[in-house]
Amino acid sequence: MAIPYTIIGTVVAKPETREELHKILSGFVEPTRAEAGCINYDFHVDPADPCVFMFYENWRSKDDLDRHLAMPHLKPLFGRLDDLVARPVDVRRFVMLSQIAQ
C-alpha cells in the first residue's frame, strides 16, 4: 500500500521578480492537479509579504511526487531559480499519518 506524501514548499521572490515568479508558479497549478497521484496541490501567498509563496501538496506516494518533480512544466522554474528567488527554496517533506480526507 502506498503511503501518502506531503510537501510544504516556500519560495521567496526577489522584489523585482515577484510578478514573473508569480506567473510561473501559477502556471504549475492546473497541470500538476491533472497528474496521476496528485491528491491536492494548493498555491498560497503570505498576506504580510507578497514575495513569499507557499505550496501545500499531497501525493498518493513518494513515487508519484518523484514523477511530478521530473515533469516538463516545472522546467521554467528550475532553470532560473538563481535569477528569481531571494533565498533557496525551502521544501519540507512529510509522510501523512491520517487518512486522506474524502
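**Around F28**

Me: Leaving aside neighbours within four places in sequence, what is F28 in contact with?
Reply: Beyond those neighbours, F28 is in contact (heavy atoms within 4.5 Å) with Y41, F55, H73, L74 and L77. This is a predicted model, in which local features need pLDDT of at least 70 and side-chain atom pairs count only at pLDDT 80 or more, while totals for chains, interfaces and linings use all residues. Residues are numbered from 1 along each chain as its sequence is written, and side-chain values use heavy atoms, with hydrogens and water left out.

Me: And which residues have the most contacts inside the largest nonpolar core?
Reply: They are L21, L25, F28, Y41 and L77, in a core of 20 residues, where a nonpolar core is a set of buried Ala, Val, Leu, Ile, Met, Phe, Trp, Tyr and Cys residues joined through side-chain atoms within 4.5 Å.

Me: Which element gives the most to it?
Reply: Strand 3 does, with four residues; strands are DSSP runs of E, at least two residues long, numbered from the N terminus.

Me: Switching to rings, how are Y41 and F55 arranged?
Reply: Their ring centres are 5.1 Å apart and their planes lie at 40°, so the pair is tilted (centres within 6.5 Å make a pair; planes under 30 degrees apart count as stacked, over 60 as edge-to-face, the rest as tilted).

Me: Is Y41 buried or exposed?
Reply: Y41 is buried, with a relative accessible area of 2%, buried being under 20% and exposed over 50%, with partly exposed in between (1.4 Å probe, protein chains only).

Terms used. Phe/Tyr/Trp six-rings, centres within 6.5 Å; stacked < 30°, edge-to-face > 60°.
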